[in-house]
Amino acid sequence: MSETSIEPRRRRRGRLGLFASAAGATIALVAAIVLPGTPAAAINSNQTGTNNGFFYSFWSDGGGSVNMDLGAAGNYSTTWSNVGNFVAGKGWNPGARRNVTYSGSFNPSGNAYLALYGWTKNPLIEYYIVDNWGTFRPPGSGGTLKGTVTTDGGTYDIYTAPRNNAPSIIGTANFTQFWSVRQTKRTGGNINVGAHFDAWASKGMNLGAHDYQILATEGFQSSGNSNITIGGTTPPTTPGNTTPPPGGGGGCTASVVPGTVFGDRYNTTVNVSGASNWIVTANLTPPQKVSSTWNGTFSWDSSGNVMTVRPNGSGNSFGFTTMMNGNSGARPSVSCRTG
C-alpha cells in the first residue's frame, strides 16, 4: 500500500541538465491516486510517498515517456523512451549515514545515471554517489575536482558543481551539487554513504539537515530501463559505548566507537583527545583487512595488520571500514602517542 503526495516545484532537474539548455515550461503536477489495499500501478506523474516501508520519489519534466513500478519491499523498476529528464527511485526520508545495499539491472541507451541521490537544507545541497552511467560521465566540465575517496572496493572522484537560479526542493534557488563518481562502473553492491559524507567534509564540503535520500535512476534525453532492489542499515545517532584504548599514553587518548556491522564488514570511529599532533596505531586480527578510510592520513606495515594514522587537518576523529574475511568476532585495538 502506498501513500502519495505531490512534490511542489520539484528541483531542476539533475546534473544531467547542467550542460543542456532547456526552455522554461509550466508543468501541471497531478498526484496519483492509490487506494488502500490496492497494489501500486505504474507511476507516471510527479509525486513522493511511501511503499512497503520505503520512501519513493518520481519526477519528470514531462518529455517523452517514463513509468515507474513499485515492487515488493525495496524494489522498483523504470522504463523510459525518448525522455526529456526524469529521476525516480526508492529510499528513505530523511537521508542519513546509511550502509545501502542494492542489486538489479540498469540498461540505458544514451545519457543516464544510477546513483545514491539526496538533498540537504541549510545549506541547500544536492548530492550524488554515482555507481553507473550511460554515454556521459558526470559532472563534466562544470564540475571542480576536489579529490578522491576509496571505499566499497572502488575509487570515486569527488567534485562540486554550482547551480544558480535553478529549481530545487525549496523552489528556484542557488545551491551546490556534491558528487562522488566511481571510476569504474558497477550495478550492485554496498554504498557506505557515511564514507562519502566524511570524505566530502574533509574537503570542506559540508552537508546540511537531511531531506530525502534514494537509490535513483535518472535519464536525460535517452531511453532505457532499470530494475533495482535496495536494502540498508542506519548507524546509531548516538556514539554508544566508548572502548578504552589499550596502552594509550604519551599525552593523548584514542577512544574506539563501534559502528554499524553489516554483511561482511563493519565500521569503526576513533576519537582522539589530549593532543593535536597525535599518532594512533590500530592492530587488526588477520584475515581482517581495512577496505576504506576517512579523515586521516593512513599507512600500514608490511603485513597489512598494523595501521598507523596521523591527522590530516580534518579534526581529531577518523574512521575506517574493515572487511571481516570470515573472522566476525575480532575488533581492532588502538593506542595513541604524540608525534
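Strands E17 (289-294) and E20 (residues 317-323) pair in the antiparallel sense over five bridges. Two strands count as paired if DSSP finds at least two bridges between them. Strands (E, at least two residues) are DSSP runs, numbered from the N terminus. Within this pair, Val-290 stands opposite Thr-322 in E20.

This is a predicted model, where local features need pLDDT of at least 70, side-chain atom pairs count only at pLDDT 80 or more, and totals for chains, interfaces and linings use all residues. Residues are numbered from 1 along each chain as its sequence is written, and side-chain values use heavy atoms, with hydrogens and water left out.

E17 and E20 belong to an open sheet of four strands. The order is E14-E15-E20-E17, with antiparallel pairing. E14 and E17 are the edge strands, and each pairs on one side only. On average, neighbouring strands of this sheet are turned by 25° against each other, direction ignored. Such angles run from 0 to 180 degrees between N-to-C directions, with axes as lines fitted to C-alpha atoms.

The model also holds one disulfide, a pair of cysteine sulfur atoms within 2.5 Å. Cys-252 and Cys-336 form this link, with sulfur atoms 2.0 Å apart. It joins distant parts of the chain, 84 residues apart: Cys-252 lies in the loop between E13 (209-233) and E14 (253-262), Cys-336 in strand E21 (residues 333-338). The link of Cys-252 and Cys-336 is left-handed, with -110° about the S-S bond.

How accessible are the two cysteines? Buried means under 20% relative accessible area (1.4 Å probe, protein chains only).

| Residue | Relative accessible area | Class |
|---|---|---|
| Cys-252 | 3% | buried |
| Cys-336 | 4% | buried |

Conventions
Buried means under 20% relative accessible area, exposed over 50%, partly exposed in between (1.4 Å probe, protein chains only).
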